[in-house]
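Here's a quick briefing to go with the coordinates.

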Amino acid sequence: MAKKQDNVKYTLPREVHTKLIDGYNSLKAEIVRSYDQSKIYARELNDALKAMKIGDQQLKQASSMMGRVRQQSLIYAKELQLAHQQIERSSLNTLGVLAEALDARDHYTSGHSSRVTESSVQIAKTMNLSHKEVEIIRQAGLLHDIGKIGIRDGVLLKPGKLTEEEYDLIKQHPIKGYKMLKGLSFLENALDCILYHHEQYNGSGFPEGLRAENIPIGARIIHVADTVDAMTTERPYRKALGLDMAIAELKKFRGILFDSAVVNAFLINCKAS
Ligand SMILES: [Fe+2]
């Protein structure tokens, strides 16, 4: 082999030719290495792309699952809210039945809570109170006298004049009602209306002698509706006084015992009916 090479005729000096061949061979080896390396890179890139596709697919699946989980959570939340509202309605109905049963202890006050509620809601609407305030007044109207449940029949149903001690006991019913219902979260906004429904506009009422706008608007409204119902229904010691007399009383004590705006709203409702 060496001999054959020796016979080759070189157009370039042998050393130059050898260097060229060596350069060519190392270049060729470099190209082959680069080619092999690029094949490795291409394979790795391909694998990476495949992994990305799988990742992308998994991401889409995860995203779709998240969407389904979110939708299901919303359905559960809605169902929970409905169940919660249902429980609140049932509890209010139960308390309402209790209030009606309490009214029925005395045939003179039978239906009193329902009538006071209806009248209070009408006044509140005439005064353009918000839907939320009207609903709070509805709850408070229904339950305003619930504290009377803690007062014995001998006092509550006494046909004659009450002693001072007995009257003091009766005056405890707003506080008793407040304490009874405290802790029922769905009634928390109605509690103050129940506690203060016997407060008078000039501060002469009970249990705290609050004045004017310090008395919650719901309590001022229930106070007017309550007074009218008490006057227009028969009592053991007198006959029903009639709506005209009740209206005259409201006008006489408008701005004194009763909030003028509440009385005016009541009078508008009377004219409308
Ligand atoms: Fe009362």
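Which residues of H11 are buried? They are Val262, Val263, Ala265 and Phe266. Keep in mind that this is a predicted model. Looking down the axis of H11, you'd find these buried residues within an arc of 160°, so they line one face of the helix.

**Helix H11**

- H11 covers residues 260-272, and Phe266 sits in it.
- With 13 residues, H11 runs 18 Å from its first C-alpha to its last, which is close to the 18 Å expected at 1.5 Å a residue.
- Over on the other side of H11, Lys271 and Ala272 are exposed.
- As for what covers the buried residues of H11, the list includes helix H3 (112-126), helix H9 (217-232) and helix H10 (243-252).

- Why does Phe266 count as buried? Because 25 other C-beta atoms lie within 10 Å, and the cut-off for a buried residue is 20 or more.
- If you skip the neighbours within four places in sequence, Phe266 is in contact with Ile123, Val224 and Leu250.
- Arg235 is another story: 31 residues from Phe266 along the chain, with 23 Å between the two C-alpha atoms.

**The chain as a whole**

- The C-alpha trace spans about 150 × 35 × 35 Å along its principal axes.
- The chain's radius of gyration is 45 Å, whereas a compact globule of 273 residues would come out near 19 Å.
- Burial is counted for 25% of the 273 residues.
- Take the contacts with a separation of 6 or more: 62% of them join residues 24 or more positions apart.

**Backbone spots to check**

- Where is the cis peptide bond? It runs from Phe206 to Pro207, with omega near 15°.
- Pro207 belongs to the loop between helix H8 (191-195) and H9.
- Ala212 is also placed in the loop between H8 and H9, and it has a positive phi of about 40° although it isn't a glycine.
- Ala212 counts as partly exposed, because it has 13 C-beta neighbours inside 10 Å.
- Asn128, in the loop between H3 and helix H4 (131-143), has a positive phi too, near 60°, and is likewise a residue other than glycine.
- Asn128 counts as exposed, because it has 9 C-beta neighbours inside 10 Å, and the exposed class takes in counts of 12 or fewer.

Technical notes. Residues numbered from 1 in each chain as written. Predicted model: local features only at pLDDT ≥ 70, side-chain atom pairs only at ≥ 80, totals over all residues. Helix = DSSP H or I, 4+ residues; strand = E, 2+ residues; numbered from the N terminus. Contact = placed C-beta atoms within 7 Å. Expected span 1.5 Å × (residues − 1). Arc of directions from axis to C-beta. Rg over C-alpha atoms; globule rule 2.2 N^0.38 Å.
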